[in-house]
Amino acid sequence: MKFTFFRFILLFSIIVLLSSCLGSSNNTTVTSTDASITSLTFAKNDSIPYISTAVFSLDADGKTITNVDSLPFKTRVDSVNPTFGFTSTAGTMLYFLPGYKYKKDSALLTGKDTLDFRQPITVKNYASDGKTFKIYTVKVNVHQVNPEKYIWGKASDNLNSINATSQKAVTLRNRLFYYSNDHSSSYLSVSNDGYSWKDTTVAGLPTSTSLGDMTLFNGKLYLTQDGSNIYSSANGADWIKKTSDKFIFKSLLFALNGNLWAVVQSADLSLHFAYSPDGDIWTATTDEFPANFPVRDFASVSFASPTGKAEALVVGGYSASGTPLNNRWSTENGTYWIDFRNENHTLDTLAVGASVISYDSKLLVFGMRTDNGKNYYKVSKDEGLSWQLPDTANVFPTNVLPRSYQSAVVLRAKTYDKINSVALKEEIQKSNRIFVIGGNTGSTSLSDVWTGKLNRKNFLRQ
């Protein structure tokens with residue numbers, strides 16, 4: 001019994017000794033000299049719905065922490081709950097600029113802070129050694145302008161003084177080309193930015209043909225509405241005529257799915273849709289041509305749907321019998337068409353001679369109203385099915401003379417390799433602009449230029 005008791009005392013002593021050894025090991029403190037920041041997040045706040053979406057990164061200087069993608073317009077950052085992460089910390093001090101709303105110039109970071117980030121805040125974090133520290137400046141970017149507002153203004157008073165019987169503006173190789181004729185001569189003005197224009201000699205373009213269906217396809221401009229002739233130009237100034245022995249061209253429609261599409265008339269006088277992969281060889285479809293499909297003076301646009309599918313829309317114009325139309329025809333392949341007017345009548349007051357463009361994943365239409373002769377400007381968010389008036393912040397300028405047969409075009413952006421290059425910033429300022437050019441009031445030919453742009457299209461990052 002005594003021996004057993006002795007062994008028990010010995011075993012207990014060994015356990016106590018081991019426990020004290022282990023305990024002394026756990027009490028060893030390891031310090032770090034790394035005071036680097038590792039993360040910054042903002043807590044979700046019901047009154048500031050977008051605040052938790054801010055993604056912060058360290059600038060190249062290693063001292064400034066910012067959200068490259070600015071928070072939405074009017075996002076409040078005056079009462080934010082931030083969470084900082086550091087490699088190690090013995091304590092963190094916050095330093096504020098003069099005039100900070102809490103009337104203090106510094107505070108200790110507690111982890112339960114509510115901070116005002118309308119001004120930059122300096123963060124000084126001490127590593128766990130209590131000596132080494134790093135200093136950062138936190139800047140929270142919030143858009144200062146409404147990104148969804150269009151800014152409109154006049155770019156040029158008059159491109160020429162002729163009394164044009166037909167006119168058309170198009171884009172070619174990131175430049176604007178404005179054509180006009182008066183039944184005796186053809187004229188051309190060219191611009192890189194829509195503000196400064198240069199008169200240029202144009203050759204080979206018919207002087208008595210409507211310019212309304214001029215279409216860009218595979219880097220060339222095409223024009224018809226001159227019987228069996230079709231014209232093309234690679235540089236916009238020199239035009240080549242080719243004659244078809246198969247069809248009379250009534251009008252060009254659009255470029256879609258690698259083909260140029262047209263309305264043609266065969267020898268038996270029947271109308272057809274026709275397509276060409278190169279602008280030279282044309283094939284007519286056998287599909288029945290709708291009685292209320294336009295053959296001239298319509299507006300058309302090809303675009304990509306939100307799912308990336310190619311589509312085209314044809315609006316208004318005159319039928320083969322000369323009847324003015326307010327139908328809207330939609331297609332994905334050039335042969336199967338849907339008449340949106342059967343379901344929706346929101347463009348019924350749009351006069352013949354309108355223009356339609358694709359911009360910012362929406363369609364915009366410009367023209368004149370048939371009921372009161374005023375400017376017509378509507379937006380569609382569903383590929384042309386329904387159309388709405390823009391909100392009061394985005395209305396078309398009231399000092400623009402009402403007109404029809406104007407040209408509406410978009411000057412797109414070039415692509416640059418370096419995102420911060422001066423060339424890119426300059427290109428962003430000039431590109432993605434809408435230009436509404438010329439037209440007529442019914443009795444007077446116009447050649448003024450108006451431009452508009454969505455504020456968001458000026459941002460370096462979309």
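Guide: Residues are numbered from 1 along each chain as its sequence is written, and side-chain values use heavy atoms, with hydrogens and water left out. In this predicted model, local features need pLDDT of at least 70 and side-chain atom pairs pLDDT 80 or more, while totals for chains, interfaces and linings use all residues.

Visitor: What makes a space in this structure a cavity?

Guide: A cavity is a set of points, on a 1 Å grid over the protein atoms alone, where a 1.4 Å probe fits but cannot get out. The structure has 2 cavities of 30 Å³ or more.

Visitor: What is the volume of the largest cavity?

Guide: The volume is about 50 Å³, taken as the space filled by probe spheres set on the points, which are joined across faces, edges and corners.

Visitor: What makes F366 a lining residue of the largest cavity?

Guide: A lining residue has an atom within 4 Å of a point. F366 is listed in that lining, along with residues including Y376 and R403.

Visitor: Why is N257 called partly exposed?

Guide: Partly exposed lies between buried, under 20% relative accessible area, and exposed, over 50% (1.4 Å probe, protein chains only). N257 has 48% relative accessibility, so N257 counts as partly exposed.

Visitor: Why does E383 count as partly exposed?

Guide: E383 is at 23% relative accessibility, and therefore counts as partly exposed.

Visitor: What is the phi of E383?

Guide: E383 has a positive phi of about 60 degrees, though not a glycine. Most residues other than glycine have a negative phi. N257, also not a glycine, has a positive phi of about 55 degrees.

How values were computed:
On a 1 Å grid over the protein atoms alone, a cavity is a set of points where a 1.4 Å probe fits but cannot get out, and a pocket is an open set with protein on both sides within 12 Å along at least five of seven lines; lining residues have an atom within 4 Å of a point.
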